[in-house]
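Visitor: Could you take me through this model? I would like to begin with its charged side chains.

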Amino acid sequence: MLTQLGQDVTIEPYLGSGSFGPVWGPPVTVRALVDNRRRRVRSASGTEVISESTIRVQLTVTCPVGSRVTLPDGRTGVAITNARHDGGTVRVPSHLEVALT
């Protein structure tokens, strides 16, 4: 479903912290459903933060917390949380949901 719908986003997966700050992997362009609604989410550290956008991509996409994501309108956000929604053998849309700053 996601390969046919949505828009192209660019994900630079977070690799860790280097001596000069965050280190990201090479950019990968994938199809995503983009939701630009603000919502409150809990970060990996447990604090409540405001997410400006949420993307939904295929489960095979790698987007760990801290990844840099460029949206179709040119805005860049950082992944706050990600959640796998895997229906397994049930016919539901399985996807990875990523909340962005």
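**Salt bridges, barrel and core**

Guide: Arg38 is exposed, because its relative accessibility is 61%; exposed means over 50% relative accessible area, buried under 20%, and partly exposed in between, with a 1.4 Å probe and protein chains only. The model is predicted, so local features need pLDDT of at least 70 and side-chain atom pairs count only at pLDDT 80 or more, while totals for chains, interfaces and linings use all residues. Residues are numbered from 1 along each chain as its sequence is written, and side-chain values use heavy atoms, without hydrogens and water.

Visitor: Which side chain meets Arg38 in a salt bridge?

Guide: That of Glu52, with N to O at 2.7 Å; a salt bridge here is a side-chain nitrogen of Lys or Arg within 4 Å of a carboxyl oxygen of Asp or Glu. Glu52 lies in the loop between β6 (48-51) and β7, and Arg38 in the loop between β4 and β5 (39-42), so the pair ties together parts 14 residues apart in sequence. At 27% relative accessible area, Glu52 is partly exposed. Strands are DSSP runs (E, at least two residues), numbered from the N terminus.

Visitor: How many salt bridges does the structure hold?

Guide: There are nine. One of them joins Asp35 to Arg37, with the closest N and O atoms 2.7 Å apart. Asp35 counts as buried because its relative accessibility is 16%, whereas Arg37, at 59%, counts as exposed. Another links Arg40 and Glu48, N to O at 3.5 Å. Arg39, Arg56 and Glu97 are linked in a network of salt bridges.

Visitor: Changing topic, in what order do the strands close into a barrel?

Guide: Six strands close it in the order β1-β4-β7-β10-β9-β8, with antiparallel pairing. From one strand to the next the twist averages 45°, taken between N-to-C directions on a scale of 0 to 180 degrees, with axes fitted to C-alpha atoms. Two strands count as paired if DSSP finds at least two bridges between them.

Visitor: How many bridges are there between β1 and β8?

Guide: Three, linking β1 (residues 7-12) and β8 (residues 68-70) in the antiparallel sense. Glu12 stands opposite Arg68 in β8.

Visitor: And which residues have the most contacts inside the largest nonpolar core?

Guide: Val9, Ile11, Ile55 and Val69, in a core of 14 residues. Such a core is a set of buried Ala, Val, Leu, Ile, Met, Phe, Trp, Tyr and Cys residues joined through side-chain atoms within 4.5 Å. The elements that give two or more residues to this core are β1, β4 (28-35), β7 (53-57) and β10 (95-100); β10 gives the most, with three. Leaving aside neighbours within four places in sequence, Val9 is in contact (heavy atoms within 4.5 Å) with residues including Val30, Ile55, Val69 and Leu71.

Visitor: What about Ser67: buried or exposed?

Guide: Buried, because its relative accessibility is 0%. Ser67 is placed in the loop between β7 and β8.

Visitor: Finally, what joins β2 to β3?

Guide: A hairpin through two residues. Strands β2 (residues 14-18) and β3 (residues 21-24) run antiparallel and share four bridges, and Gly16 stands opposite Val23 in β3.
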